Amino acid sequence: MAESIIKSRQAQKEVNGNLTEVICTDFSNYIFVVLTQYGKIGTLISVTPDSRSNDISTPTFSTKVLLGKDEPLTHVCAKNLAMFVSQEAGNRPVLLGLALKDSSIDTIKEIKEIVKGCQVW
């Protein structure tokens, strides 16, 4: 049987009373991460390391909403959730699908742990 070219992992867990699904897929040019409590992709955000940063040890990240709600909280959550993925993957860009009922700090911390368990990079 042929080995799959695309690496993908998924997990689901109840986080603060909401069933949360995490799907991480490794493509050649992006890491695609879906975090959903609705069973849908939701808002699609591109999170990319900023190459203009003067300090290589702490890169900055740019967020751009490609589809969905373009709100300040969306950018904050996206940076918080995708930054460590990008850094762990050698500063690769992350495409993030975000559909959360609860975007509290505690929820974001728990979701980060689930994402770490779905590591494909």
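Analyst: Two residues are said to be in contact when heavy atoms of theirs lie within 4.5 Å. The model is predicted, so local features need pLDDT of at least 70 and side-chain atom pairs count only at pLDDT 80 or more, whereas totals for chains, interfaces and linings use all residues. Residues are numbered from 1 along each chain as its sequence is written, and side-chain values use heavy atoms, with hydrogens and water left out.

Leaving aside residues up to four places away in sequence, D50 touches T60, F61 and S62. D50 belongs to strand β4, which covers residues 43-50. Strands (E, at least two residues) and helices (H or I, at least four) are DSSP runs, numbered from the N terminus. D50 counts as buried because its relative accessibility is 18%; buried means under 20% relative accessible area, exposed over 50%, and partly exposed in between, with a 1.4 Å probe and protein chains only.

The view may now be widened to the whole chain. Buried residues account for 39% of its 121 residues. The protein chain contains two helices and six strands, in the order β-β-β-β-β-α-β-α from the N terminus. The radius of gyration is 14 Å, close to the 14 Å from the globule rule for 121 residues, so the chain is as compact as a globular protein of that length. This radius is taken over C-alpha atoms, and the rule is 2.2 Å times the number of residues to the power 0.38. Of the contacts between residues at least 6 apart in sequence, 58% join residues at least 24 apart.
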